[in-house]
Amino acid sequence: MQTHITRIITSALLLTASSAVLAETHCTDAPSDEWISQADMEERIREMGYRIKEFKVTDGNCYEIYGWDEQERRVEIYFNPVDASIVKQEVED
């Protein structure tokens with residue numbers, strides 16, 4: 001009985017972990033010709049006070065940056081490429 005419960009718990013944990021990995025941040029369904037250009041977006045991000053280390057387009061149709069904010073904290077931010085809004089942000093203290 002103990003082994004059966006252990007297997008069930010292990011399976012549940014594995015499913016939860018794999019779901020988290022697959023949960024990609026999604027920003028827009030708009031076609032790319034409606035997006036702000038990458039160059040313009042990088043400029044807007046700098047004007048918001050961020051320094052960009054890496055800028056990329058994600059599979060979830062986001063502009064994503066790794067860099068630093070005005071307080072020199074490391075940040076990872078996902079932006080909607082249509083309106084430049086922040087969809088998700090992680091800040092390291």
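Two strands are said to pair if DSSP finds at least two bridges between them. Helices (H or I, at least four residues) and strands (E, at least two) are DSSP runs, numbered from the N terminus. The model is predicted: local features need pLDDT of at least 70, side-chain atom pairs count only at pLDDT 80 or more, and totals for chains, interfaces and linings use all residues. Residues are numbered from 1 along each chain as its sequence is written, and side-chain values use heavy atoms, with hydrogens and water left out.

Next, select residues 63-68 and 74-79. These are strand 2 and strand 3, which run antiparallel and are joined by six bridges. Within this pair, G67 stands opposite V75 of strand 3.

Then move to strand 1, which pairs with strand 2 in the antiparallel sense over six bridges. Here R51 stands opposite W68 in strand 2. The two strands form a hairpin with five residues between them, and N61 in the turn has a positive phi of about 60 degrees.

**The helix across the sheet**

Select residues 38-47. Contact means heavy atoms within 4.5 Å.

Now select I45. Beyond its neighbours within four places in sequence, I45 is in contact with Y50, I52, F55, I65 and F79.

**The disulfide**

Select C27 and C62. They form a disulfide (a pair of cysteine sulfur atoms within 2.5 Å), with their sulfur atoms 1.9 Å apart. The torsion about the S-S bond is about 95 degrees, so this disulfide is right-handed. The pair links distant parts of the chain, 35 residues apart: C27 is in the loop between helix 1 (2-22) and helix 2, and C62 is in the loop between strand 1 and strand 2.

Are these cysteines buried or exposed? Buried means under 20% relative accessible area, exposed over 50%, and partly exposed in between (1.4 Å probe, protein chains only). C27 is buried at 11% relative accessibility, and C62 is buried at 0%.
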